[in-house]
Amino acid sequence: MINTVLPAVFTIVLFFLARRLYGRYTIALLNPVLLCIAIISAVLLLTQSDYQAYQQSTMAIHYLLEPAVVALAYPLYRQFHQIKPVFVALCFTSWLVVSISTTAAFLLCQAFAASAEISASMAALSVTTPITLLISDYLGGIPAVAAIMVILIGVFGGVFGLHILTFCQVRGNAAKGVALGIVCHAIGTAAAMEHHPQAGAFASAAMTITAVITALWVPVLYHWLSISFL
C-alpha cells in the first residue's frame, strides 16, 4: 500500500516545492514542470524503478489533467469581451499555424527518411497530449513518441517562450498569449497566465481553437500530404 501511494505523494510534494522555488527565484530553468520531469527521471534511473509501476501509482494525478485543461477556460470567460472582436482572425491564425507546422514536420520527416510511423507521430504536436494521442493513433503513428514530443514542446515554450517573444520585440500581451497558446498548448498557456491575465485569456482561447482545428483538419491535411509526396 505504501509503495503504491508513495510515488503519487512524492510527485505532488515535489511539484509544490518546485512551485515555491520558482516563485522565489523566477529563473526559466526552474520551471516547475521541467524541474519535476528532471528530478523524477533521475530518481527512477538511480533507483532502477519500473516506470510502468510509477505510472500506475500516479494514475490519479493523470486523471486530473483533463479537468485542469478545462479549468484553463475560466480566464477565457473573463476576457471574452476582448477576444470576441478578433475571434475570426484568431481562428484563421490557428488554422495557418497548424497547417504550416504539420506540413513542415511532414517535409522534415521525408527529408530525413523517417518511417511512416514517425512521420504520423509528428503530425499534431501543438495541442494537448490527449488530442495528440488520438490523432497520432488514428494516423498510424506511435503515441509514446507523440506524447514525448508534445511535452518537450510545451516545456520548451513554457521555459523559453516569453523570452523568445521579448527578443523578437513582441510586446502585446494578447500577441504573446496567442503565440504560446497555439504552439505550446496547456504548458504555454499556464506560462502566459503567470505573465499577464490578458495573455492567459488569449492563450486559453488560442489553445482551445487550435485543438478543435487540429482534430478536424490535421487528418485531412496529412492524408493529402501523404498522397502528394509519397
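Which residues make the nonpolar surface patch of about 640 Å²?

## Basis of the model

This is a predicted model, in which local features need pLDDT of at least 70 and side-chain atom pairs count only at pLDDT 80 or more, while totals for chains, interfaces and linings use all residues. Residues are numbered from 1 along each chain as its sequence is written, and side-chain values use heavy atoms, with hydrogens and water left out.

The surface patch of about 640 Å² is made by Leu21, Tyr25, Ile27, Leu29, Phe156, Phe160 and Ile164. Patches are made of residues with over 30% relative accessible area and no salt bridge, with nonpolar side chains (Val, Leu, Ile, Met, Phe, Trp, Tyr) joined within 5 Å and like charges within 9 Å. The accessible areas come from the Shrake-Rupley method with a 1.4 Å probe, and for residues only the protein chains shown count as cover.

Helix α11, which covers residues 143-167, gives the most to this patch, with 3 residues; helices here are DSSP runs of H or I with at least four residues, strands are runs of E with at least two, and both are numbered from the N terminus. Ile164 has its place in helix α11 and counts as partly exposed because its relative accessibility is 40%, where buried means under 20% relative accessible area, exposed means over 50%, and partly exposed lies in between (1.4 Å probe, protein chains only). Val159 is also found in helix α11, but Val159 is buried, with a relative accessible area of 4%.

Side chains of opposite charge can pair when their charged atoms come close.

Helix α1 also holds Tyr22, which is buried, with a relative accessible area of 16%. Tyr22 and Pro32 are 10 residues apart along the chain, and their C-alpha atoms are separated by 6.7 Å.

## Positive phi angles

Most residues other than glycine have a negative phi. Gln48, although not a glycine, has a positive phi of about 50°, and this residue lies in the loop between α2 (32-46) and α3 (51-57). With a relative accessibility of 73%, Gln48 counts as exposed.

His185 has a positive phi of about 45° and is likewise not a glycine. His185 lies within helix α12, residues 173-195, and counts as buried at 4% relative accessibility.

## Helices α8 and α13

The axes of helix α8 (residues 87-111) and helix α13 come within 8 Å and cross at roughly 40°; axes are lines fitted to C-alpha atoms, for helices over the stretch in contact, and angles run from 0 to 180 degrees between N-to-C directions. The two helices α8 and α13 are therefore oblique to each other, given that angles under 35 degrees count as roughly parallel, over 145 as roughly antiparallel, 65 to 115 as roughly perpendicular and the rest as oblique. The crossing in which α8 passes α13 is right-handed, a word used if the near helix is turned clockwise from the far one by less than a right angle, and left-handed if anticlockwise.

Met207 has its place in helix α13, residues 197-229, and is buried, with a relative accessible area of 7%. From C-alpha to C-alpha, Met207 and Val127 are 7.0 Å apart in space, while in sequence they are 80 residues apart.

Notes: A salt bridge is a side-chain nitrogen of Lys or Arg within 4 Å of a carboxyl oxygen of Asp or Glu.
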